[in-house]
Amino acid sequence: MRSRLRVGLAGAGMVSAFHLPAWRALADQVELVAVADPDIERAQAAARQYGVPRAWRSLDDMLAGELLDAVDLMTPPHLHAEQCLAAAAAGVAVLCQKPLAPSAGQARQLIGAVGSRVRLMVHENWRFRPHYRQVRRWLDEGRIGELRSAELQTLSCGLLPDAEGRMPALVRQPLLATLPRMMVAEVLVHHLDIVCWLAGPARVVQASLQHAVSQISGESAATIVLACAGGARFEVGGDMAAARALPTLRDELALTGSLASITLRGTRLHLSGDAPEASMVDLEADYADSYIGAIGHFVYALRNDHPFEATLEDHLDVLELVDEAYRQARMEGIE
């Protein structure tokens, strides 16, 4: 492998504004050679802004015209499967935004089709947020004892009209309006990964969805109750039309153990117990750092033939929870 990985970027939309700075932070290890987007002017603008030499209209064109070691797929979810297969056929490693496919079954088929031809990692950046890394360290150190119960909530007012009548979440990410499965499949999928990462294997006990915003196709709020390894109850919830919340998503976490507890409230992360600790979290910097962490891990794993932390089986487990949450909500008639 070359001293620096040659990387192509597919997609120049909203999320690329977080990916591209993270890639630039790794300039000693990677060379960004091209950006592809159907909106060629948008691709060209991104290339100019971040000093990327070339822009293409499609991933296929970029794969045919460039010598690449890896691609970063920042494209809409319905394109992920076909683009992963295209990159695999070209022998190019893939970092793909979640989800790999619309359902766990389809994702499993995709993983089987890619096989061992190339390395494939799902870009799950939530677990790379520095404050969640600290929570994981405390758990690994046994600081709270046996986990008894937990809650993870994320709220925003992004789907409520602002003073100009616009919904901030749709201004930032118009795709959200068109997704038939929104809150669970697009947002809480991150939090379900956090649950499994922090608390081990989980199963859905109950789920409810709320379709409270007529301007979007999917659900605007959801609550999922999970049973985790060891019997801990973990409730995950989200609402993007929450009055008095901020326009961007803000997580709150509470883990209760047999010895102590961990809470994230606002910008304060706190560990209770015999040796308490507390710190203030810069949430904006923390979010940007999560992209550097996830992308940096992908690069390190490729360069050192190291396994990915978030495995494909981990992602399949999360997608199974997503599918089951929707199934449970339909069964209980609380959609």
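Here is a short tour of a predicted model, stop by stop.

Before you click, note that residues are numbered from 1 along each chain as its sequence is written, and side-chain values use heavy atoms, with hydrogens and water left out. Local features need pLDDT of at least 70 and side-chain atom pairs count only at pLDDT 80 or more, while totals for chains, interfaces and linings use all residues.

Select Arg129 to start: you'll find it in the loop between β6 (120–123) and α6 (130–140); helices (H or I, at least four residues) and strands (E, at least two) are DSSP runs, numbered from the N terminus. Arg129 is buried, meaning under 20% relative accessible area with a 1.4 Å probe, protein chains only. Which side chain of opposite charge is nearest to Arg129? That's Asp251, 4.4 Å away, and Arg129 has no salt bridge (a side-chain nitrogen of Lys or Arg within 4 Å of a carboxyl oxygen of Asp or Glu). Now show the contacts (heavy atoms within 4.5 Å): leaving aside neighbours within four places in sequence, Arg129 touches Asp251, Asp286, Tyr287 and Ser290.

Next, color the cysteines. The structure has zero disulfides, a disulfide being a pair of cysteine sulfur atoms within 2.5 Å. Cys196, for one, is in no disulfide, and its nearest cysteine sulfur, on Cys228, is 7.0 Å away. Then pick Cys157, which counts as buried because its relative accessibility is 16%.

Last stop: select Met14, Val15, Arg172, Gln173 and Tyr287, which lie nearest the centre of the largest pocket, among its 50 lining residues. Finish on α9 (283–304), which gives the most to that lining, with four residues.

Terms used:
Buried < 20%, exposed > 50% of the residue type's maximum accessible area, 1.4 Å probe, protein only. Lys, Arg positive; Asp, Glu negative; His and termini not counted. 1 Å grid on protein atoms, 1.4 Å probe; cavity = no way out; pocket = protein on both sides within 12 Å on 5 of 7 lines; lining within 4 Å.
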